[in-house]
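Colleague: I would like to go through the labels attached to this model and hear what each one rests on.

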Amino acid sequence: MFSERTSVGLDVHARSTTAWALDGTTGEIFTDRLVVNTADVVAWVRRLPQPAAVAYEAGPTGFVLARALQQAGIRCVVAAPSKMERPAGDRVKTDKRDAQRLAKLIRLDELPAVRVPDLEQEAARDLTRARDDVRADLMRARHRVAKLLLRRGIVYTDGRAWAAAHHHWLTGHRFDEFGLRVAYDEALETVWALEARRTRLDAAITELAAQPAWAPAVHRLACMRGVSTFTAFGLAVEIGDWHRFTGSTIGSYLGLVPSEDSSGSQRRQGGITKTGNTHARRLLVEAAWHHRRPYRRPGAGLGPPRSRRRPCPATRRTGQPTPAPALVEPGRSPQTLHHQCRGRRPGTVRLVLESGNHGGLTPINSSTRTAGGGISPGTVQREERSAEFL
């Protein structure tokens with residue numbers, strides 16, 4: 001509930017700050033246009049009738065002003081611009097009107113606020129975002145090198161791209177044209193420089209994640225499958241205080257809930273909203289991709305291959321292959337049919353329906369195929385017909 005006497009709205013820009021304040025006791029209005037100086041803005045607010053509450057929108061100016069106002073004992077709310085509603089008929093937008101709107105909304109307690117991180121948390125967040133920027137720059141630089149070679153008809157096909165062998169292959173190219181040679185060398189040097197920057201940032205993140213301020217959250221998050229140290233540290237610094245969310249609210253903060261446009265008795269839902277913290281949402285999506293991979297128990301691949309196969313249904317009960325007589329071709333032993341079954345889905349063989357056989361089912365063999373590999377005339381192939389060897 002709003003308990004201060006004066007409500008202040010600030011429209012903060014890189015070179016100027018427009019202020020609009022309302023004294024709730026006398027109804028007096030104060031307006032001014034201030035220079036970009038945190039000390040001057042704090043001094044102007046302190047000259048107003050106290051106590052006062054200040055609001056401004058989150059943006060590229062950061063949280064320096066919010067921290068300065070809080071240190072001066074003035075409550076400051078940093079509003080989330082993406083969650084602020086604006087009337088559809090309001091077509092006039094100026095700095096003064098924006099500041100006035102913020103001052104009125106904070107008096108009504110209708111401002112959706114964002115969390116103001118401390119200096120340590122913001123520094124760690126800058127580190128993770130710097131690493132993400134390097135990752136994006138490295139991807140673009142690699143694409144430039146690959147596409148430059150592709151335009152000359154040079155394609156690498158000897159293994160995984162950007163591994164050690166690929167790096168050696170890239171350094172072996174020499175071009176006669178002066179312009180192409182300089183462009184290729186510059187593009188390749190950009191890739192090497194970005195990879196070195198990424199390595200340094202990875203080492204710094206690993207060192208910072210082991211600090212007591214971050215280690216508990218990082219260790220808990222890294223216990224989940226698909227979450228590495230970098231992902232855990234990124235989520236920890238982006239979300240910060242985990243106690244402000246519940247299992248049903250953190251999805252909305254990350255933009256992972258479905259969008260909805262319902263009216264009356266009709267309910268229409270669409271894709272996820274993709275609002276909120278973009279960096280944290282990307283980390284979770286990439287972790288989900290890794291989680292989808294099939295889990296293999298460590299050491300499961302050391303045993304003999306036959307011990308991991310499901311036994312053929314013919315040997316489940318008696319231990320001996322006893323296929324039905326109607327499904328065994330003349331001149332072929334039951335053991336041969338049993339071995340054919342091993343490479344297919346358990347209990348399933350491939351059958352065809354032959355005309356003139358009164359609807360009987362016969363396994364596909366060389367006699368039912370033509371010389372070109374097709375099915376002989378009068379034979380209709382049925383795919384995925386199953387027959388149990390019971």
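Modeller: Start with two helices: the axes of α4 (residues 119-150) and α6 (residues 178-209) come within 9 Å and cross at roughly 155°. The model is predicted, with local features needing pLDDT of at least 70 and side-chain atom pairs pLDDT 80 or more, while totals for chains, interfaces and linings use all residues. Residues are numbered from 1 along each chain as its sequence is written, and side-chain values use heavy atoms, with hydrogens and water left out.

Colleague: Why is α4 called roughly antiparallel to α6?

Modeller: Axes are lines fitted to C-alpha atoms, for helices over the stretch in contact, and angles run from 0 to 180 degrees between N-to-C directions. Angles under 35 degrees count as roughly parallel, over 145 as roughly antiparallel, 65 to 115 as roughly perpendicular and the rest as oblique. The crossing is at roughly 155°, so α4 is roughly antiparallel to α6. Helices here are DSSP runs of H or I with at least four residues, strands are runs of E with at least two, and both are numbered from the N terminus.

Colleague: What classes of residue make up the contact of α4 with α6?

Modeller: There are 20 nonpolar, 2 polar and 7 charged residues. Ala, Val, Leu, Ile, Met, Phe, Trp, Tyr, Cys and Pro count as nonpolar, Asp, Glu, Lys and Arg as charged, and the others, Gly among them, as polar.

Colleague: What makes the contact between Glu122 and Arg67 a salt bridge?

Modeller: The term needs a side-chain nitrogen of Lys or Arg within 4 Å of a carboxyl oxygen of Asp or Glu. For Glu122 and Arg67 the N to O distance is 2.3 Å, so the pair qualifies. Glu122 lies in α4 and Arg67 in helix α2 (residues 64-71), so the bridge ties together parts that are 55 residues apart in sequence. Both residues are buried. The structure holds 17 salt bridges.

Colleague: How do you know that Asp98 is buried, and what is Arg86?

Modeller: Buried means under 20% relative accessible area, exposed over 50%, and partly exposed in between, with a 1.4 Å probe and protein chains only. Asp98 has 5%, so Asp98 is buried; Arg86 has 35%, so Arg86 is partly exposed. Their side chains meet in a salt bridge at 3.6 Å, N to O. Arg86 and Asp98 also belong to a salt-bridge network with Asp90, Lys93 and Arg97.

Colleague: Why is the pair of Tyr156 and Trp169 called tilted?

Modeller: Rings of Phe, Tyr and Trp (its six-membered ring) pair if their centres lie within 6.5 Å; planes under 30 degrees apart count as stacked, over 60 as edge-to-face and the rest as tilted. Tyr156 and Trp169 are 5.0 Å apart, centre to centre, with 50° between the planes, so the rings pair and fall in the remaining class, tilted. Tyr156 lies in the loop between α4 and α5 (164-171) and Trp169 in helix α5, so the pair joins parts 13 residues apart in sequence. At 16% relative accessible area Tyr156 is buried, whereas Trp169, at 23%, is partly exposed.
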